[in-house]
Amino acid sequence: MKNSRSPQRIDYSIIFPVLILCIIGIVTLYATTVHIQGEDLTVTLRQLGWLVIGAVAAGLLLLVDSEKLWKATPYVYGFALLLLIATLLFYDRQLAASAGARRWISIPGIGMTIQSTEFVKIPFILMLSKVVTEHNHKYKIHTNKSDFFLLGKIILYTAPPLFLVLMQPDLGTGLAFAAIAAGIVLLSGIRWRILLPIIIFILVFGVGFVLLVIYQRDFLVDVLGFHEYQFRRIDTWLNPHQDMSSYSYQVTQAFKAIGSGGIIGKGFGVSEVYVPVRESDMIIASIAEMFGFVGTSIVIFVYFLLIYNMVKVIFDIRNEFYSYIATGIIMMIVFHILENIGMNIGLMPLTGIPLPFISQGGSALVGNLLGVGLIMSMKFHHKSHYYSGERRSRYRLKNRPGKE
(Lines give C-alpha, C1' and ligand atoms only; values in the text may rest on other atoms or scores of the structure.)
Protein backbone atom coordinates (compact mmCIF):
# COMPACT_ATOMS: atom_id res chain seq x y z
CA MET A 1 0.00 0.00 0.00
CA LYS A 2 1.35 3.44 -0.96
CA ASN A 3 2.37 5.65 1.93
CA SER A 4 -0.01 8.61 1.94
CA ARG A 5 2.60 10.69 3.77
CA SER A 6 5.22 10.33 1.03
CA PRO A 7 6.00 13.68 -0.65
CA GLN A 8 4.41 14.51 -3.99
CA ARG A 9 6.66 15.35 -6.91
CA ILE A 10 4.29 18.00 -8.26
CA ASP A 11 4.03 21.23 -6.26
CA TYR A 12 0.65 22.54 -7.38
CA SER A 13 1.18 25.89 -5.65
CA ILE A 14 3.93 26.54 -8.21
CA ILE A 15 2.69 24.64 -11.23
CA PHE A 16 -0.78 26.25 -11.30
CA PRO A 17 0.49 29.88 -11.58
CA VAL A 18 2.98 28.77 -14.24
CA LEU A 19 0.23 26.97 -16.15
CA ILE A 20 -2.04 30.04 -15.97
CA LEU A 21 0.76 32.30 -17.24
CA CYS A 22 1.56 29.91 -20.11
CA ILE A 23 -2.12 29.79 -21.10
CA ILE A 24 -2.27 33.60 -21.02
CA GLY A 25 0.83 33.67 -23.21
CA ILE A 26 -0.55 31.23 -25.80
CA VAL A 27 -3.93 33.00 -25.94
CA THR A 28 -2.32 36.44 -26.28
CA LEU A 29 0.13 35.17 -28.88
CA TYR A 30 -2.77 33.69 -30.89
CA ALA A 31 -4.69 36.96 -30.65
CA THR A 32 -1.75 39.15 -31.71
CA THR A 33 -0.49 36.99 -34.57
CA VAL A 34 -3.72 35.55 -36.00
CA HIS A 35 -6.45 38.07 -35.18
CA ILE A 36 -4.48 41.32 -35.15
CA GLN A 37 -1.61 40.70 -37.59
CA GLY A 38 -3.46 38.28 -39.87
CA GLU A 39 -0.85 35.53 -39.76
CA ASP A 40 -1.38 31.78 -39.68
CA LEU A 41 -1.05 29.46 -36.67
CA THR A 42 2.65 28.77 -37.20
CA VAL A 43 3.93 31.05 -34.44
CA THR A 44 1.33 29.82 -31.92
CA LEU A 45 1.93 26.16 -32.72
CA ARG A 46 5.69 26.64 -32.48
CA GLN A 47 5.27 28.21 -29.03
CA LEU A 48 3.08 25.25 -27.99
CA GLY A 49 5.84 22.92 -29.16
CA TRP A 50 8.40 24.74 -27.04
CA LEU A 51 6.00 24.59 -24.11
CA VAL A 52 5.84 20.79 -24.40
CA ILE A 53 9.63 20.55 -24.64
CA GLY A 54 10.04 22.77 -21.59
CA ALA A 55 7.46 20.83 -19.59
CA VAL A 56 9.20 17.53 -20.36
CA ALA A 57 12.60 18.98 -19.44
CA ALA A 58 11.21 20.36 -16.18
CA GLY A 59 9.67 16.97 -15.41
CA LEU A 60 12.99 15.22 -15.93
CA LEU A 61 14.62 17.56 -13.41
CA LEU A 62 12.30 16.18 -10.74
CA LEU A 63 14.38 12.99 -10.89
CA VAL A 64 17.62 14.82 -10.05
CA ASP A 65 18.53 15.09 -6.38
CA SER A 66 21.01 17.51 -4.84
CA GLU A 67 23.96 15.11 -4.94
CA LYS A 68 23.62 14.50 -8.69
CA LEU A 69 23.10 18.20 -9.28
CA TRP A 70 26.16 19.07 -7.22
CA LYS A 71 28.41 16.71 -9.17
CA ALA A 72 27.08 17.78 -12.57
CA THR A 73 27.32 21.53 -11.96
CA PRO A 74 30.95 22.18 -13.10
CA TYR A 75 30.36 20.22 -16.33
CA VAL A 76 27.08 22.00 -17.05
CA TYR A 77 28.70 25.38 -16.40
CA GLY A 78 31.62 24.51 -18.71
CA PHE A 79 29.23 23.42 -21.46
CA ALA A 80 27.30 26.68 -21.06
CA LEU A 81 30.48 28.70 -21.65
CA LEU A 82 31.23 26.64 -24.77
CA LEU A 83 27.69 27.33 -25.98
CA LEU A 84 28.23 31.09 -25.60
CA ILE A 85 31.53 30.87 -27.49
CA ALA A 86 29.85 28.82 -30.23
CA THR A 87 27.17 31.50 -30.53
CA LEU A 88 29.78 34.17 -31.25
CA LEU A 89 31.33 31.95 -33.92
CA PHE A 90 28.34 30.25 -35.55
CA TYR A 91 25.55 32.77 -35.04
CA ASP A 92 22.66 33.08 -37.48
CA ARG A 93 23.90 35.61 -40.03
CA GLN A 94 20.45 36.57 -41.27
CA LEU A 95 19.09 37.34 -37.81
CA ALA A 96 22.29 39.15 -36.87
CA ALA A 97 21.93 41.42 -39.91
CA SER A 98 18.35 42.34 -39.03
CA ALA A 99 18.70 42.57 -35.24
CA GLY A 100 22.25 43.85 -34.99
CA ALA A 101 23.32 41.17 -32.50
CA ARG A 102 24.88 37.69 -32.54
CA ARG A 103 22.45 36.04 -30.12
CA TRP A 104 20.94 33.16 -32.10
CA ILE A 105 22.13 29.81 -33.40
CA SER A 106 20.25 27.97 -36.13
CA ILE A 107 19.39 24.32 -35.53
CA PRO A 108 20.38 22.42 -38.70
CA GLY A 109 17.67 20.48 -40.49
CA ILE A 110 14.58 21.94 -38.80
CA GLY A 111 14.95 25.64 -39.63
CA MET A 112 14.62 26.84 -36.01
CA THR A 113 16.86 29.05 -33.93
CA ILE A 114 17.69 29.18 -30.23
CA GLN A 115 18.92 32.06 -28.09
CA SER A 116 21.81 30.44 -26.26
CA THR A 117 21.88 32.87 -23.32
CA GLU A 118 18.51 31.56 -22.11
CA PHE A 119 20.09 28.13 -21.57
CA VAL A 120 23.13 29.56 -19.78
CA LYS A 121 21.29 31.25 -16.90
CA ILE A 122 20.49 28.01 -15.04
CA PRO A 123 24.07 26.62 -15.26
CA PHE A 124 25.31 30.03 -14.10
CA ILE A 125 22.98 29.89 -11.08
CA LEU A 126 24.11 26.35 -10.28
CA MET A 127 27.79 27.28 -10.41
CA LEU A 128 27.48 30.34 -8.18
CA SER A 129 25.39 28.31 -5.74
CA LYS A 130 28.04 25.61 -5.53
CA VAL A 131 30.86 28.13 -5.11
CA VAL A 132 29.09 29.89 -2.22
CA THR A 133 28.09 26.61 -0.55
CA GLU A 134 31.64 25.25 -0.68
CA HIS A 135 33.06 28.48 0.66
CA ASN A 136 30.63 28.70 3.58
CA HIS A 137 31.30 25.10 4.51
CA LYS A 138 35.04 25.79 4.58
CA TYR A 139 34.82 29.18 6.33
CA LYS A 140 32.12 28.81 8.95
CA ILE A 141 32.99 32.17 10.56
CA HIS A 142 32.74 35.20 8.29
CA THR A 143 35.68 37.57 8.43
CA ASN A 144 36.71 40.44 6.19
CA LYS A 145 39.28 38.22 4.52
CA SER A 146 36.92 35.31 3.90
CA ASP A 147 34.13 37.60 2.66
CA PHE A 148 36.41 39.35 0.18
CA PHE A 149 37.68 35.95 -0.92
CA LEU A 150 34.10 34.77 -1.51
CA LEU A 151 33.23 37.95 -3.38
CA GLY A 152 36.28 37.46 -5.57
CA LYS A 153 35.24 33.89 -6.41
CA ILE A 154 31.72 35.03 -7.31
CA ILE A 155 33.17 37.70 -9.61
CA LEU A 156 35.55 35.13 -11.12
CA TYR A 157 32.70 32.82 -12.14
CA THR A 158 30.42 35.69 -13.19
CA ALA A 159 32.91 37.45 -15.46
CA PRO A 160 33.25 34.82 -18.27
CA PRO A 161 29.54 34.39 -19.11
CA LEU A 162 28.88 38.09 -18.58
CA PHE A 163 31.73 39.06 -20.93
CA LEU A 164 30.57 36.61 -23.61
CA VAL A 165 26.98 37.87 -23.36
CA LEU A 166 28.06 41.50 -23.70
CA MET A 167 30.14 40.52 -26.73
CA GLN A 168 26.97 39.52 -28.61
CA PRO A 169 25.98 42.28 -27.56
CA ASP A 170 23.04 41.71 -25.21
CA LEU A 171 22.92 44.32 -22.46
CA GLY A 172 19.51 43.20 -21.16
CA THR A 173 20.66 39.63 -20.55
CA GLY A 174 23.90 40.96 -19.08
CA LEU A 175 21.84 42.87 -16.53
CA ALA A 176 19.90 39.68 -15.80
CA PHE A 177 23.18 37.88 -15.00
CA ALA A 178 24.16 40.76 -12.73
CA ALA A 179 20.79 40.58 -10.94
CA ILE A 180 21.19 36.83 -10.38
CA ALA A 181 24.69 37.30 -8.97
CA ALA A 182 23.48 40.15 -6.74
CA GLY A 183 20.71 38.01 -5.27
CA ILE A 184 23.08 35.17 -4.43
CA VAL A 185 25.63 37.61 -2.96
CA LEU A 186 22.99 39.11 -0.66
CA LEU A 187 22.10 35.63 0.65
CA SER A 188 25.68 34.39 0.84
CA GLY A 189 26.38 35.79 4.30
CA ILE A 190 28.83 38.47 3.20
CA ARG A 191 28.60 41.18 5.81
CA TRP A 192 26.99 44.53 5.13
CA ARG A 193 30.12 46.43 6.14
CA ILE A 194 31.55 45.08 2.87
CA LEU A 195 28.41 45.08 0.71
CA LEU A 196 27.13 48.53 1.59
CA PRO A 197 30.13 50.51 0.21
CA ILE A 198 29.97 48.43 -2.98
CA ILE A 199 26.24 49.09 -3.40
CA ILE A 200 26.77 52.84 -2.80
CA PHE A 201 29.62 52.90 -5.35
CA ILE A 202 27.47 51.18 -8.00
CA LEU A 203 24.58 53.57 -7.40
CA VAL A 204 26.84 56.63 -7.55
CA PHE A 205 28.51 55.31 -10.69
CA GLY A 206 25.15 54.66 -12.38
CA VAL A 207 23.70 58.04 -11.49
CA GLY A 208 26.95 59.73 -12.48
CA PHE A 209 26.98 58.05 -15.88
CA VAL A 210 23.38 59.11 -16.59
CA LEU A 211 24.25 62.70 -15.60
CA LEU A 212 27.24 62.62 -17.95
CA VAL A 213 24.98 61.40 -20.76
CA ILE A 214 22.64 64.32 -20.10
CA TYR A 215 25.09 67.16 -19.45
CA GLN A 216 28.58 66.08 -20.61
CA ARG A 217 28.00 63.82 -23.59
CA ASP A 218 30.94 65.28 -25.50
CA PHE A 219 33.28 64.09 -22.74
CA LEU A 220 32.00 60.53 -23.08
CA VAL A 221 32.35 60.60 -26.87
CA ASP A 222 35.62 62.51 -27.30
CA VAL A 223 37.55 61.36 -24.22
CA LEU A 224 36.18 57.93 -23.31
CA GLY A 225 35.42 56.78 -26.85
CA PHE A 226 31.68 56.14 -26.60
CA HIS A 227 29.48 56.39 -29.68
CA GLU A 228 26.36 58.52 -29.97
CA TYR A 229 24.09 55.58 -30.81
CA GLN A 230 24.98 53.94 -27.48
CA PHE A 231 23.04 56.64 -25.63
CA ARG A 232 19.79 56.13 -27.54
CA ARG A 233 18.20 53.83 -24.96
CA ILE A 234 18.95 56.29 -22.17
CA ASP A 235 17.57 59.16 -24.27
CA THR A 236 14.41 57.18 -25.00
CA TRP A 237 14.04 56.27 -21.33
CA LEU A 238 14.49 59.82 -20.04
CA ASN A 239 12.47 61.51 -22.79
CA PRO A 240 10.37 58.97 -24.73
CA HIS A 241 8.43 61.70 -26.56
CA GLN A 242 11.53 63.39 -27.96
CA ASP A 243 11.64 61.43 -31.24
CA MET A 244 8.42 59.44 -31.53
CA SER A 245 8.93 58.74 -35.23
CA SER A 246 12.25 56.95 -34.77
CA TYR A 247 13.98 55.55 -31.69
CA SER A 248 11.09 56.25 -29.32
CA TYR A 249 8.42 54.93 -31.67
CA GLN A 250 8.14 51.47 -30.11
CA VAL A 251 7.82 52.62 -26.51
CA THR A 252 5.44 55.50 -27.27
CA GLN A 253 3.19 53.13 -29.23
CA ALA A 254 3.20 50.83 -26.19
CA PHE A 255 2.11 53.80 -24.05
CA LYS A 256 -0.79 54.46 -26.42
CA ALA A 257 -1.87 50.80 -26.48
CA ILE A 258 -1.78 50.49 -22.69
CA GLY A 259 -3.64 53.76 -22.17
CA SER A 260 -6.28 52.98 -24.78
CA GLY A 261 -7.16 49.70 -23.06
CA GLY A 262 -8.81 51.53 -20.19
CA ILE A 263 -10.27 49.53 -17.30
CA ILE A 264 -11.59 46.40 -19.04
CA GLY A 265 -9.92 46.60 -22.46
CA LYS A 266 -11.23 46.50 -26.01
CA GLY A 267 -11.82 42.77 -26.17
CA PHE A 268 -10.06 39.64 -27.40
CA GLY A 269 -8.17 40.18 -30.65
CA VAL A 270 -9.10 43.87 -30.88
CA SER A 271 -6.33 46.39 -31.44
CA GLU A 272 -6.34 49.94 -32.78
CA VAL A 273 -2.70 50.78 -31.99
CA TYR A 274 0.24 49.30 -33.86
CA VAL A 275 3.06 48.21 -31.54
CA PRO A 276 6.26 46.70 -33.01
CA VAL A 277 7.08 43.16 -31.73
CA ARG A 278 3.88 43.20 -29.68
CA GLU A 279 3.96 39.41 -29.44
CA SER A 280 7.37 39.40 -27.75
CA ASP A 281 9.02 42.25 -25.83
CA MET A 282 5.87 44.41 -25.82
CA ILE A 283 3.31 41.69 -25.13
CA ILE A 284 2.11 43.33 -21.91
CA ALA A 285 0.96 46.26 -24.08
CA SER A 286 -1.18 43.82 -26.09
CA ILE A 287 -2.65 42.38 -22.88
CA ALA A 288 -3.39 45.87 -21.56
CA GLU A 289 -5.06 46.96 -24.80
CA MET A 290 -7.23 43.86 -25.11
CA PHE A 291 -8.03 43.22 -21.43
CA GLY A 292 -7.38 46.58 -19.81
CA PHE A 293 -6.24 47.39 -16.30
CA VAL A 294 -8.21 44.44 -14.90
CA GLY A 295 -6.53 41.87 -17.16
CA THR A 296 -3.06 43.29 -16.57
CA SER A 297 -3.63 43.29 -12.80
CA ILE A 298 -4.61 39.62 -12.93
CA VAL A 299 -1.34 38.82 -14.74
CA ILE A 300 0.68 40.70 -12.11
CA PHE A 301 -1.23 38.96 -9.31
CA VAL A 302 -0.45 35.52 -10.78
CA TYR A 303 3.22 36.48 -10.92
CA PHE A 304 3.00 37.52 -7.27
CA LEU A 305 1.55 34.12 -6.32
CA LEU A 306 4.31 32.33 -8.22
CA ILE A 307 7.14 34.33 -6.63
CA TYR A 308 5.56 34.05 -3.17
CA ASN A 309 5.36 30.25 -3.42
CA MET A 310 8.91 30.07 -4.74
CA VAL A 311 10.18 32.13 -1.81
CA LYS A 312 8.39 29.74 0.55
CA VAL A 313 10.51 26.92 -0.87
CA ILE A 314 13.66 28.65 0.41
CA PHE A 315 12.27 28.62 3.94
CA ASP A 316 10.96 25.05 3.67
CA ILE A 317 14.11 23.34 2.43
CA ARG A 318 17.10 22.62 4.69
CA ASN A 319 19.76 22.58 2.06
CA GLU A 320 22.12 25.49 1.54
CA PHE A 321 22.93 24.57 -2.05
CA TYR A 322 19.22 24.47 -2.90
CA SER A 323 18.61 27.80 -1.15
CA TYR A 324 21.09 29.61 -3.37
CA ILE A 325 19.71 27.95 -6.50
CA ALA A 326 16.17 28.99 -5.58
CA THR A 327 17.37 32.54 -4.90
CA GLY A 328 19.05 32.75 -8.31
CA ILE A 329 15.96 31.45 -10.13
CA ILE A 330 13.68 33.86 -8.26
CA MET A 331 15.99 36.79 -9.07
CA MET A 332 16.06 35.74 -12.73
CA ILE A 333 12.26 35.67 -13.03
CA VAL A 334 11.68 38.81 -10.93
CA PHE A 335 14.21 40.80 -12.95
CA HIS A 336 12.55 39.79 -16.21
CA ILE A 337 9.10 40.74 -14.89
CA LEU A 338 10.19 44.14 -13.56
CA GLU A 339 12.30 45.02 -16.60
CA ASN A 340 9.73 43.95 -19.20
CA ILE A 341 6.72 45.62 -17.59
CA GLY A 342 8.85 48.60 -16.53
CA MET A 343 10.09 49.29 -20.06
CA ASN A 344 6.54 49.07 -21.42
CA ILE A 345 5.34 51.79 -19.06
CA GLY A 346 8.47 53.95 -19.19
CA LEU A 347 9.95 53.17 -15.78
CA MET A 348 12.91 51.17 -17.18
CA PRO A 349 15.08 51.56 -20.29
CA LEU A 350 13.99 49.61 -23.36
CA THR A 351 15.77 46.24 -23.65
CA GLY A 352 15.05 42.92 -25.33
CA ILE A 353 13.90 41.22 -22.13
CA PRO A 354 10.87 38.91 -22.58
CA LEU A 355 8.00 38.54 -20.11
CA PRO A 356 8.44 35.12 -18.42
CA PHE A 357 6.11 32.32 -19.63
CA ILE A 358 4.09 34.79 -21.76
CA SER A 359 6.28 36.41 -24.45
CA GLN A 360 6.98 34.65 -27.71
CA GLY A 361 10.31 32.86 -27.62
CA GLY A 362 10.97 29.17 -27.19
CA SER A 363 14.41 29.50 -25.64
CA ALA A 364 13.20 31.84 -22.89
CA LEU A 365 10.17 29.65 -22.22
CA VAL A 366 12.24 26.47 -21.87
CA GLY A 367 14.83 28.24 -19.72
CA ASN A 368 12.17 29.51 -17.31
CA LEU A 369 10.47 26.10 -17.16
CA LEU A 370 13.83 24.53 -16.29
CA GLY A 371 14.00 26.93 -13.36
CA VAL A 372 10.50 25.87 -12.28
CA GLY A 373 11.52 22.22 -12.57
CA LEU A 374 14.51 22.83 -10.31
CA ILE A 375 12.35 24.58 -7.72
CA MET A 376 9.87 21.68 -7.64
CA SER A 377 12.73 19.18 -7.48
CA MET A 378 14.12 20.98 -4.44
CA LYS A 379 10.74 20.88 -2.72
CA PHE A 380 10.45 17.16 -3.37
CA HIS A 381 13.97 16.20 -2.30
CA HIS A 382 14.34 18.57 0.67
CA LYS A 383 13.36 15.98 3.29
CA SER A 384 16.62 14.14 2.76
CA HIS A 385 18.40 17.18 4.35
CA TYR A 386 21.61 16.52 2.46
CA TYR A 387 24.17 19.27 2.30
CA SER A 388 24.78 18.51 -1.39
CA GLY A 389 28.39 17.33 -1.53
CA GLU A 390 30.29 14.39 -2.81
CA ARG A 391 29.87 12.63 0.56
CA ARG A 392 26.44 13.06 2.14
CA SER A 393 27.65 12.46 5.67
CA ARG A 394 29.93 15.52 5.50
CA TYR A 395 27.39 17.99 4.12
CA ARG A 396 24.29 17.72 6.23
CA LEU A 397 22.60 21.01 7.03
CA LYS A 398 20.03 21.62 9.75
CA ASN A 399 20.03 25.39 10.14
CA ARG A 400 20.46 28.47 7.96
CA PRO A 401 23.20 28.87 5.33
CA GLY A 402 26.65 28.99 6.84
CA LYS A 403 25.93 26.72 9.84
CA GLU A 404 25.61 23.02 10.34
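A salt bridge is taken here as a side-chain nitrogen of Lys or Arg within 4 Å of a carboxyl oxygen of Asp or Glu. The model is predicted: local features need pLDDT of at least 70, side-chain atom pairs count only at pLDDT 80 or more, and totals for chains, interfaces and linings use all residues. Residues are numbered from 1 along each chain as its sequence is written, and side-chain values use heavy atoms, with hydrogens and water left out.

The structure holds seven salt bridges, including those tabulated below.

| Pair | N to O distance |
|---|---|
| Glu289 and Lys266 | 2.8 Å |
| Arg278 and Glu289 | 2.8 Å |
| Arg191 and Asp147 | 3.4 Å |

Arg191 lies in the loop between α7 (171-187) and α8 (192-215) and Asp147 in helix α6 (residues 144-166), so this pair ties together parts 44 residues apart in sequence. Helices (H or I, at least four residues) and strands (E, at least two) are DSSP runs, numbered from the N terminus. Asp147 is buried, at 0% relative accessible area, whereas Arg191 is partly exposed at 25%. Buried means under 20% relative accessible area, exposed over 50%, and partly exposed in between (1.4 Å probe, protein chains only).

Arg278 forms a salt bridge with Glu289. Salt bridges that share partners join Lys266, Glu272, Arg278 and Glu289 into one network. Glu289 is buried at 0% relative accessibility, as is Arg278 at 3%, while Lys266 is partly exposed at 23%.

Thr117 occupies the loop between β2 (112-115) and α5 (121-138) and is buried, with 0% relative accessibility. Thr117 and Ser363 are 246 residues apart in sequence, yet their C-alpha atoms are 8.5 Å apart in space.
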